Amino acid sequence: MMTPAVSIIICTRDRAESLDQTLKSFEAVNAPAGLRPEILVVDNGSTDHTPAVVRKHSVAKIPIRYLLESSPGQSKARNAGIAATRADVILFTDDDVVPAPDWLESIAAPLLRRECDGVVGRIELAKEICRSWMTPQHQISLAVCDGPREGVLQLVGANMGFHRSVLDRVPEFDVELGPGAFGFADDTLFSWQLVEAGFRLRFVPEASVIHRPDPARLTRSNWLAVGRKHGLSAAYVLHHWEHREISNPRLRSYRAGLKLLLRRMAQPPAPMGAEGIAPWEMSYVVEMEKCRQFIKERHRPRNYSKHGLRKRGQPT
């Protein structure tokens, strides 16, 4: 069998039903002649019937492979997928998306033609998930992407890809970031490293997917967890990669916590099971957790040289 020219990596854990719908949606995706694509499902230690779902779709028009990476963490799963393919173009999407019929051709073509080194496509939120209270920050946390924000283009894991050649300079995703670890910023840091290395990123709006996250992610309790994870991830990147400081982090954390308490007394928030969260509550939680975590991180040796492309001690 010839080596696939394009590998579509889908990392998943205990989301068999959602994965089933995503793999089914790929049956409508056009696979241009000569492209030689494959779908590589990386199972990050599922305890449900994920393997059976992959077997069910194994006769699809785009060949599907199954890979088990039992060590938890999305970045570990992504790195395992990268190591398991020799394709020229490596694409990533999630186990809860529906790609447009021309998605594959649209997102892979500029990479195969070497017009750029990394791409990110449009990510739209499913209509049944959209809510009137959602701000741009809510949408970002739900992986919505409709182009560069504030002039800065970053890859988003639900719909991104890159040419294999970038791995010579930026070899992997940081396993301390992303779901299963600190929670976020794995794709963000990888993007920044690609730009730092001089690689070209491009937004490809034609390469569109619909994101259909679990509605449980809209509850206030989940948003509070999201805020904490954003804070943890930000502290890690600040210390280890950006080499920046937070002045008086303990005092700043205390102040953010006090402001949060007073604001909650003045404006009692909704119950934990209700949908949504006020932007002010989210921002205080992020700031408080970032400062708390930075106190811990600053005592660790830095994992990177300033704006480094690979972790210290990683083979060159």
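Colleague: Where is H307 in this predicted model?

Modeller: H307 lies in the segment after α9, the helix of residues 279-297.

Colleague: Why is H307 called partly exposed?

Modeller: Its relative accessibility is 27%. Buried means under 20% and exposed means over 50%, with partly exposed in between. The value of 27% falls in between, so H307 counts as partly exposed.

Colleague: What makes the phi of H307 worth a remark?

Modeller: The phi of H307 is positive, about 60 degrees, and H307 is not a glycine. Most residues other than glycine have a negative phi.

Colleague: Which value does phi take at R36, and where is R36 found?

Modeller: Phi of R36 is near 55 degrees, again a positive value in a residue other than glycine. R36 sits in the loop between α1 (16-25) and β2 (37-43).

Colleague: Why does R36 count as partly exposed?

Modeller: R36 has 36% relative accessibility. That lies between the 20% and 50% limits, so R36 is partly exposed.

Colleague: Which residues are in contact with V6, leaving aside its neighbours within four places in sequence?

Modeller: R36 is one of them; others include L35, P37, V89, L91 and L104.

Colleague: What makes V6 stand out in the largest nonpolar core?

Modeller: That core has 58 residues, and V6, I39, L91, W103, L104 and F162 touch the most other members. Apart from it lies another core, of 17 residues, among them A126, W223, A256 and L260.

Colleague: Which residues make the nonpolar surface patch of about 620 Å²?

Modeller: The patch is made by L251, Y254, L258, L261, L262 and M265. L261 belongs to helix α8, residues 249-266.

Colleague: How do you know that the protein chain is as compact as a globular protein of its length?

Modeller: First, the chain has nine helices and eight strands. Its radius of gyration is 20 Å, and the globule rule gives 20 Å for 316 residues; the two values are close, so the chain is as compact as a globular protein of that length. Along its principal axes, the C-alpha trace spans about 60 × 45 × 40 Å.

Colleague: How many of the 316 residues count as buried?

Modeller: The share is 53%.

Terms used: Residues numbered from 1 in each chain as written. Predicted model: local features only at pLDDT ≥ 70, side-chain atom pairs only at ≥ 80, totals over all residues. Heavy atoms only, no water. Patch = residues over 30% accessible without salt bridge, like charges linked within 9 Å, V, L, I, M, F, W, Y side chains within 5 Å. Areas by Shrake-Rupley, 256 points an atom, 1.4 Å probe, with all protein chains shown as cover. Salt bridge = Lys/Arg side-chain N within 4 Å of Asp/Glu carboxyl O. Helix = DSSP H or I, 4+ residues; strand = E, 2+ residues; numbered from the N terminus. Buried < 20%, exposed > 50% of the residue type's maximum accessible area, 1.4 Å probe, protein only. Core = buried A, V, L, I, M, F, W, Y, C linked by side-chain atoms within 4.5 Å. Contact = heavy atoms within 4.5 Å. Rg over C-alpha atoms; globule rule 2.2 N^0.38 Å.
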